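Here are some friendly notes to read alongside the model. Take the points in order, and keep the 3D view open as you go.

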Amino acid sequence: MLCGSWRRSRRSPEEPLVAAQVATPLALPPSPASPDSGTKRPGLRALKKMGLTEDEDVQAMLRGSRLLKIRSRTWHKERLYRLQEDGLSVWFQRRIQHAPSKHIFFVQHIEAVREGHQSEGLRRFGGAYAPARCLTIAFKGRRKNLDLAAPTAEEAQCWVRGLAKLRERLEAMSQRERLDHWIWSYLHRADSNQDSKMSFKEIKSLLRMVNVDMNDMYAYRLFKECDHSNNECLEGAEIEAFLRRLLRRPELEEIFRRYSGEDRVLSASELLEFLEDQGEDSATLACARQLIQTYELNETAKQHELMTLDGFIMYLLSPEGAALNMAHSCVFQDMGQPLAHYFISSSHNTYLTDSQIGGPSSTEAYVRAFAQGCRCVELDCWEGPGGEPLIYHGHTLTSKILFRDVIQAVHDHAFTSSPYPVILSLENHCGLEQQAVMAHHLRSILGDMLVTQALDSHNPEELPSPEQLKGRVLVKGKKLLTARNEDGRMLLDGRMLLDGEEEEEEEEETEEALEAAEQRRRAKQISPELSALAVYCCASRLRTLDPRPSPPQPYKVGSLSERKARKFTREAGNSFARHNTQQLTRVYPMGLRMNSANYNPQEMWNAGCQLVALNFQTPGYEMDLNTGRFLINGQCGYVLKPAYLRQLDTTFDPECPGPPSTTLTVQVLTAQQLPKLNAEKPSSIVDPLVRVEVHGVPADCAHKETDYVLNNGFNPCWKQTLKFQLRVPELVLVRFVVEDYDSTSPNDFVGQFTLPLNSLKQGYRHIHLLSKDGASLSPATLFVHIRIQNS
């Protein structure tokens, strides 16, 4: 929920931040035509930088391969795939020449490369090809998998090995190296006749490609300043000189001069002064010396423990100079507390890849959710033919997948990104017989991963910790009612259910009306075999909140719709927060969201709800918040709640948080290399503005915007300050959004980055922007100054 909206009027655009004089030149590698570049082909400089120009696998990829793209049982089409000379993208084209469709995918957008029949598509449709000839390229975001079959096993291995090497090198590249690759790849594209020379017309084309609309006279003046040969073409060192002017960062030079003085180098003590002003409280002289050794490019300066402007820029563009606290990028929180003390990344209708009305169901959706750190996935289980339960969205046109295939995907992929426990949330519509089949598949496929009995037999109802449950799978489902014998131990009674019915029924009365009476009767039964697997997560309906303390039942998981959770939060915030200190609560989207839209998860986290389930397949600000919430703690899917949401006697109420205690000040300075939104239209240049959003308790929610800068997505400058007063900083998420301003229609999304306030570092910081799907937009960044003051 956003409130306190604030917006400034447009200001006049400034001249682009490109200067004719450079105090300290950037450390650009040799240009394509220089003698020591090793090649006349500009694109190959990227691979040379990676050290892969002589690699046999990469050479084979550069030559290209004719691979079969497999989509269905009958759709197997040949495509020509070829690695581009930038080493960062793969080009592919249809075989039929009169339909010359050309496409590109980027190496940085690859999530994984799997060998053999290791995708749902190849398992179903690739049986005609030996596993050794097959590979799957899985992408980040919503892009579908690319299932391929090569002519030979060796050719398949060339692509598997080659992509692995490229991804490894790309991951190891600094932001500065990525920027170098980025600009030279555009230079290669702008060089229309590939003669390694740049005419003014080609330079203008380059400027439009990199999202800057520079005045012709100003651009020509820069061009002529670099055209030392006076032949109306730039080549070799002249291209380098032009790029130095284009890539110059005056705002960083100004900061550098402020601390370095007249000698234009930073000593270790001067760098330490900068770090202290940044708010690096633990910085020492030894830390400053280590930064010089890590980021300084000049060996002579490094030997004398000095940092030049180039080294300073390298540091500010590195993860250590980014907005996210590096110490929070690994698991740093106490993982030994009960499960109810954590926010847990959770998915709704996990099996869907699109809308819940007619979208396809796929095991790949589970694989993608796990790759994003999700730890609680949903399985809607229905009766299937041949005695095999199915998973799909009932009473809709969504496709169906086998329950056992989903469990196999859990077995294979649940712990690839995080070692901490996975919860399988079963929405069970099966009869007793197929429930027994479900229990059999869970036991036989998951084996020792599956929790089948309490870890502590003396305290079977107490929730264990994520640390105790590493590598384990929990089943959340309905439980047969239990009684207790004289010594307090639980006894099983097969005649009755736990006091809750199937979750999500309250939002699906119209669906229930469609069910036959026999189906309803089956859905309310539970087999002993399946009941026995609900050890720590017994599904329960949370109908009311008792303001008085009641006996804890930590093994119960309350399920409620977003509407009811919102009602509890607003009308009984403290009671809801107390309830959530000991018991897990799962919140799911209301059934009216037919297009699988999401709700704002922040409202539920404010009351301490742990399992806030979202449609992972639907991008938007809601998923950005979810990604930001779980960005920290190693992205393991578990984040420790603030202390006041873990204490049983807490007095916290998200609706009554008290007076402001913290001031967040964001000075939005500049942006760099924003993506071009309409690549097909060269004259289309973005008019960027920056919006900073604060998401937290209702009293903290606000957003403020800068003015927009006309026709400059390359290096726009704002230098505007935005301030926020905060009451509950521990729950705050800060979202930085860049949009393309439009006076006649809604602004277009350019990029964003979201993170917890407590993980936001102070001082001058770069924010590395992400796409709508969460993929990196490297080298696109925002440059800001952050100040957080506690009263």
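Predicted model: local features only at pLDDT ≥ 70, side-chain atom pairs only at ≥ 80, totals over all residues.

1. A word to settle before we start: two residues are in contact when they have heavy atoms within 4.5 Å of each other. With that in hand, look at helix α5 (residues 175–190) and helix α6 (residues 200–209). Tyr186, Leu187, Arg189 and Ala190 from α5 meet Glu202, Ser205, Leu206 and Met209 from α6.

2. The protein chain has 791 residues, and 58% of them count as buried. There are 23 helices and 33 strands in the chain. Take the contacts between residues at least 6 apart in sequence: 68% of these join residues at least 24 apart.

3. Back to the pair from the first point. The axes of α5 and α6 are 9 Å apart, and the two helices pack at an angle of about 135°. That angle makes α5 oblique to α6, because angles from 65 to 115 degrees count as roughly perpendicular, and those over 145 as roughly antiparallel. The crossing of α5 past α6 is right-handed.

4. Now try another pair, helix α7 (residues 216–226) and helix α8 (residues 237–247). At what angle do their axes cross? The answer is roughly 140°, and the axes come within 8 Å. That makes α7 oblique to α8. The crossing here is right-handed. On the α7 side, Leu222, Phe223, Glu225 and Cys226 take part, and they meet Glu238, Ala241, Phe242 and Arg245 of α8. This contact has five nonpolar residues, no polar ones and three charged ones.

5. Which residues of α4 are buried? They include Ala156, Cys158, Trp159, Val160, Gly162, Leu163, Leu166 and Leu170. As you look at them, remember that an α-helix has 3.6 residues a turn, so residues three or four places apart point the same way.

6. Leu122 is worth a stop, in helix α3 (residues 120–125). Is Leu122 buried or exposed? Its relative accessibility is 0%, so Leu122 counts as buried, the cut-off being under 20%. Leaving out neighbours within four places in sequence, Leu122 is in contact with Ile70, Gly116, His117, Gly127, Cys134, Leu135, Thr136, Asp147 and Leu148. Arg71 is 51 residues away from Leu122 along the chain, yet their C-alpha atoms are separated by 8.6 Å.

7. Leu674 sits in a loop, between β26 (662–672) and β27 (688–695). With a relative accessible area of 1%, Leu674 is buried. Beyond its neighbours within four places in sequence, Leu674 has contacts that include Asn211, Pro688, Gly713 and Pro716. Others among them are Val738, Val750, Leu769 and Ala780. Between Leu674 and Gly751 there are 8.2 Å in space, C-alpha to C-alpha, although they are 77 residues apart in sequence.

8. Ser531 belongs to helix α19 (residues 528–531). Ser531 counts as buried, because its relative accessibility is 1%. Not counting residues up to four places away in sequence, Ser531 touches Lys478, Lys479, Leu480 and Ile526.

9. Finally, some backbone details. Most residues other than glycine have a negative phi, and most peptide bonds are trans. Asn230 has a positive phi, near 55°, and is found in the loop between α7 and β10 (233–235). Asn349 also has a positive phi, near 45°, and lies in the loop between β13 (342–347) and α14 (363–371). Asn230 counts as exposed at 56% relative accessibility, whereas Asn349 counts as buried at 0%. Which kind of peptide bond leads from Ser778 to Pro779? That bond is cis, with omega near 10°. Pro779 has its place in strand β33 (residues 776–790).

Methods
Residues numbered from 1 in each chain as written. Heavy atoms only, no water. Axes fitted to C-alpha atoms, helices over the stretch in contact; angles between N-to-C directions. Helix = DSSP H or I, 4+ residues; strand = E, 2+ residues; numbered from the N terminus. Parallel < 35°, antiparallel > 145°, perpendicular 65-115°, else oblique. Left-handed = near helix turned anticlockwise from the far one by under 90°. Nonpolar A, V, L, I, M, F, W, Y, C, P; charged D, E, K, R; others polar. Buried < 20%, exposed > 50% of the residue type's maximum accessible area, 1.4 Å probe, protein only.
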